[in-house]
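Have a look at the model first, then read on.

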Amino acid sequence: MPFLINETGKDPVDLYYKDYGQGKPVILIHGWPLSHQAWEGQMQTLLEAGYRVIAYDRRGFGLSSQPLEGYDYSALASDLREIILQLDLKDVTIVGFSMGGGEVVRYFTDYEGDRISKAALIGSIIPLVAQKPDNPDGVPAEMLDGIMDALKSNRLSFLKDFHKNFYNYESNTDRMSRANLDYDFSIASHASPIATIKCAETWAGTDFRPELKNVSAPTLIIHGDEDNIVPIKTSSDQAAKAITANEYHVISGGPHGLILTHRKEVDKLLLEFLEK
């Protein structure tokens, strides 16, 4: 597949993407610290259902450029904007998993949802990860600091263990294999170390609560009630209260990486939402 070039920032950024199918367009925005390959199952499901599927690598990850700067959410949303404009997409559904939910919301803030007809947030960090006095269910600062320190001092060791908790692996060995963990480690370990750290700072430090009112399109929200990476109370429970036109589904036993472990449940909800 070709690359698109975003020339709106300080330095041009090459964005690797895949574009399959002929139907209504669905853009899949992956989580941290993976690539578009995390959407393998959903791409197959959507293509079989007759949709046009576009999945791309966030800057710094996969085969996209690895710049030194430009990992704040407005820069990342500008990459999404370039994909929509350069492919001349209309009536688009944008789907953000985990960190990708930030691009979804920021796109509505920065571009007023132009060309977007629907949105989906799956296991999303929206609206706020960090614990604060007015967000007591968030992740404590010492835990977030520990992640940053581990990424800076021993990134590969951190990544080796991270996805066990990402999928609640010991509880879901009937839903995934050890090979899935090895696959994720390979993808994450080849990402830019700089992008991995700076994107973690971005998802950990951005407060989207004031922006949720900007999400004007019908929105699907899916979250697992056993998500150990992004606690449901600090994320989707709040998003569902603040985004006006939403439907909210909690998947019992779902970990953070529920797009793999609970693929059938997620895909069914996504297809039903798209077909409305």
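Which residues of helix α1 (residues 40-48) are buried?

1. Helix α1. Please bear in mind throughout that this is a predicted model. The buried residues of α1 are G41, Q42, M43, T45 and L46. After the helix comes G50, with a positive phi near 95 degrees.

2. Two cis peptide bonds. Do check these by eye. W32 and P33 are joined by a cis peptide bond with omega of about 0 degrees, and P33 sits in the loop between β3 and α1. A cis bond also runs from I126 to P127, where omega is near 5 degrees. P127 belongs to the loop between β6 (116-122) and α4 (141-166).

3. D88 has a positive phi, near 50 degrees, and is not a glycine. This residue lies in the loop between α2 (73-86) and β5 (92-97). N168 is likewise not a glycine, and its phi is positive at about 50 degrees; its place is the loop between α4 and α5 (178-189).

4. Buried or exposed at those two sites? With a relative accessible area of 45%, D88 is partly exposed. N168 has a relative accessibility of 10%, so it falls under the 20% cut-off and counts as buried.

5. The annotated span. The unreviewed UniProt entry carries the annotation "domain: AB hydrolase-1" for residues 24-262. In the model, this span is 41% helix and 15% strand, and its end C-alpha atoms are 25 Å apart.

6. Overall fold. The protein has nine helices and eight strands. Its radius of gyration is 17 Å, close to the 19 Å that the globule rule gives for 276 residues, so the protein is as compact as a globular protein of that length. Along the principal axes, the C-alpha atoms fill a box of roughly 45 × 40 × 40 Å.

7. Of the 276 residues, 58% count as buried. Among contacts with a separation of 6 or more, 76% are between residues 24 or more positions apart.

8. The accessible surface comes to about 11400 Å², and carbon and sulfur atoms account for 50% of that.

Conventions:
Residues numbered from 1 in each chain as written. Predicted model: local features only at pLDDT ≥ 70, side-chain atom pairs only at ≥ 80, totals over all residues. Heavy atoms only, no water. UniProt positions renumbered as here; feature names shortened; annotations may be inferred. Helix = DSSP H or I, 4+ residues; strand = E, 2+ residues; numbered from the N terminus. Buried < 20%, exposed > 50% of the residue type's maximum accessible area, 1.4 Å probe, protein only. Rg over C-alpha atoms; globule rule 2.2 N^0.38 Å. Contact = heavy atoms within 4.5 Å. Areas by Shrake-Rupley, 256 points an atom, 1.4 Å probe, with all protein chains shown as cover.
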